[in-house]
Amino acid sequence: MPSTVVHLALAGLIAAALLGHAFDWRALAIVLALVVIPDLDAFGGLIVPGGHRALLHTLLVPVGLAALVYFDTSVRSSSWLADRLGGHGPRVAWVGILAIGFAGIGPDLFGAGANIFYPVHDQFYAFNGKLELSTQRGLVQTFVDLAPDATDGGGTAVGSTQEVHISSGVDPVRGPEPATVDRVFPIARSGTKLLLVLTSIVVVGIRLVETRLAETDPAK
């Protein structure tokens, strides 16, 4: 299960790559704050059983935010985002929404999965598999079942909120907690994830330094 640290690391790379001239401490903080939103449903799971990876991991969150940003920037005569954050406001918002989808929700689709259509369709989906090129079998992918008799058009359906409980440090078990419950708050559970975190720290750090130098000495 990817930790919040891993989500933030991926979001940092997205921000560094896509914010362009809008990249600074404030824009980065906004994008990172938006990416944390899906993981907050770990607290919602204390109220709604099975709510972790469902309440805020639904794709309705980025779609709803995208509709609001579109209305603000394309329908209204004066954009609140542009007025509030300067001319870069809309770009920061769009990058933040993209980061929610790819960095906030995307990584959780693997492993235990996420309830990406909740509450319209209460079902957790897990996209676990492989993608490889074989000299004998050609391109092979097992993330999505494309067989004619497949019952689901996406990944493996693993159950509804009534059937699935995804453990977190906030809500480790469904129902009453035993006295010896172990609350685990993961940081990086594989070398690949740790490398992603370290890469993000370096890349984002370099971008911040470059931005600071450009502000103090435009000639650079």
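This briefing describes the fold of one protein chain and then some of its residues and their surroundings. The model is predicted, and the values given here are computed from that model. The protein chain has 220 residues, of which 38% count as buried, and its secondary structure comes to 7 helices and 4 strands.

**Overall fold and surface**

- Taken along the principal axes, the box filled by the C-alpha atoms of the protein chain is roughly 60 × 50 × 45 Å.
- When contacts between residues at least 6 apart in sequence are considered, 62% of those in the protein chain join residues at least 24 apart.
- The protein chain has an accessible surface of about 12,500 Å², and carbon and sulfur atoms account for 65% of that surface.
- There are 14 positive and 18 negative side chains in the protein chain, and the centres of these two sets are 7 Å apart.

**Aromatic pairs**

- The structure contains 2 aromatic pairs, and one of them joins Phe-110 and Phe-143, whose ring centres are 6.1 Å apart and whose planes stand at 80°, so this pair is edge-to-face.
- Phe-110 belongs to the loop between helix H6 (89–105) and strand S1 (124–126), while Phe-143 belongs to the loop between strand S3 (138–141) and strand S4 (156–159), which means that the pair ties together parts that are 33 residues apart in sequence.
- Both members of this pair are partly exposed, since Phe-110 has a relative accessibility of 40% and Phe-143 has a relative accessible area of 27%.
- Phe-117 and Tyr-125 also form an edge-to-face aromatic pair, with 6.3 Å from centre to centre and 80° between the planes.
- Within the pair of Phe-117 and Tyr-125, the two residues fall into separate accessibility classes, because Phe-117, with a relative accessible area of 39%, is partly exposed, whereas Tyr-125, with a relative accessible area of 9%, lies under the 20% limit and is buried.

**Around Ala-16 in helix H1**

- Ala-16 is placed in helix H1, which covers residues 4–18, and with a relative accessibility of 8% this residue counts as buried.
- Once residues up to four places away in sequence are set aside, Ala-16 touches Phe-23, Val-203 and Arg-207.
- Although Ala-16 and Val-203 are 187 residues apart in sequence, their C-alpha atoms are 7.4 Å apart in space.
- Two of the residues that Ala-16 touches, Phe-23 and Arg-207, are also related to each other, as the charged end of Arg-207 sits over the ring of Phe-23 at 4.5 Å from its centre.

**The loop between helix H3 and helix H4**

- Thr-58 is placed in the loop between helix H3 (41–44) and helix H4 (60–75), and at 4% relative accessibility Thr-58 counts as buried.
- With its neighbours within four places in sequence left aside, Thr-58 is in contact with Ile-105, Asn-115, Ile-116, Phe-117 and Tyr-118, and among them is Phe-117, the partner of Tyr-125 in an aromatic pair.
- Arg-53 is also found in the loop between H3 and H4, where this residue is buried with a relative accessible area of 1%.
- The phi angle of Arg-53 is near 70°, which is a positive value in a residue other than glycine.

- Not counting residues up to four places away in sequence, Trp-94 touches Ala-66, Val-69 and Tyr-70.
- Trp-94 and Leu-65 are 29 residues apart along the chain, and a distance of 9.1 Å separates their C-alpha atoms.
- Pro-119 is found in the loop between H6 and S1, and the peptide bond that leads from Tyr-118 to Pro-119 is cis, with omega near 0°.

How values were computed: Residues are numbered from 1 along each chain as its sequence is written. Side-chain values use heavy atoms; hydrogens and water are left out. Helices (H or I, at least four residues) and strands (E, at least two) are DSSP runs, numbered from the N terminus. Buried means under 20% relative accessible area, exposed over 50%, partly exposed in between (1.4 Å probe, protein chains only). Contact means heavy atoms within 4.5 Å. Accessible areas come from the Shrake-Rupley method with a 1.4 Å probe; for residues, only the protein chains shown count as cover. Lys and Arg count as positive and Asp and Glu as negative; His and the chain ends are not counted. The place of a charge is taken as NZ of Lys, CZ of Arg, CG of Asp or CD of Glu. Rings of Phe, Tyr and Trp (its six-membered ring) pair if their centres lie within 6.5 Å; planes under 30 degrees apart count as stacked, over 60 as edge-to-face and the rest as tilted. A charge sits over a ring if NZ of Lys or CZ of Arg is within 6 Å of the ring centre and within 35 degrees of the ring normal.
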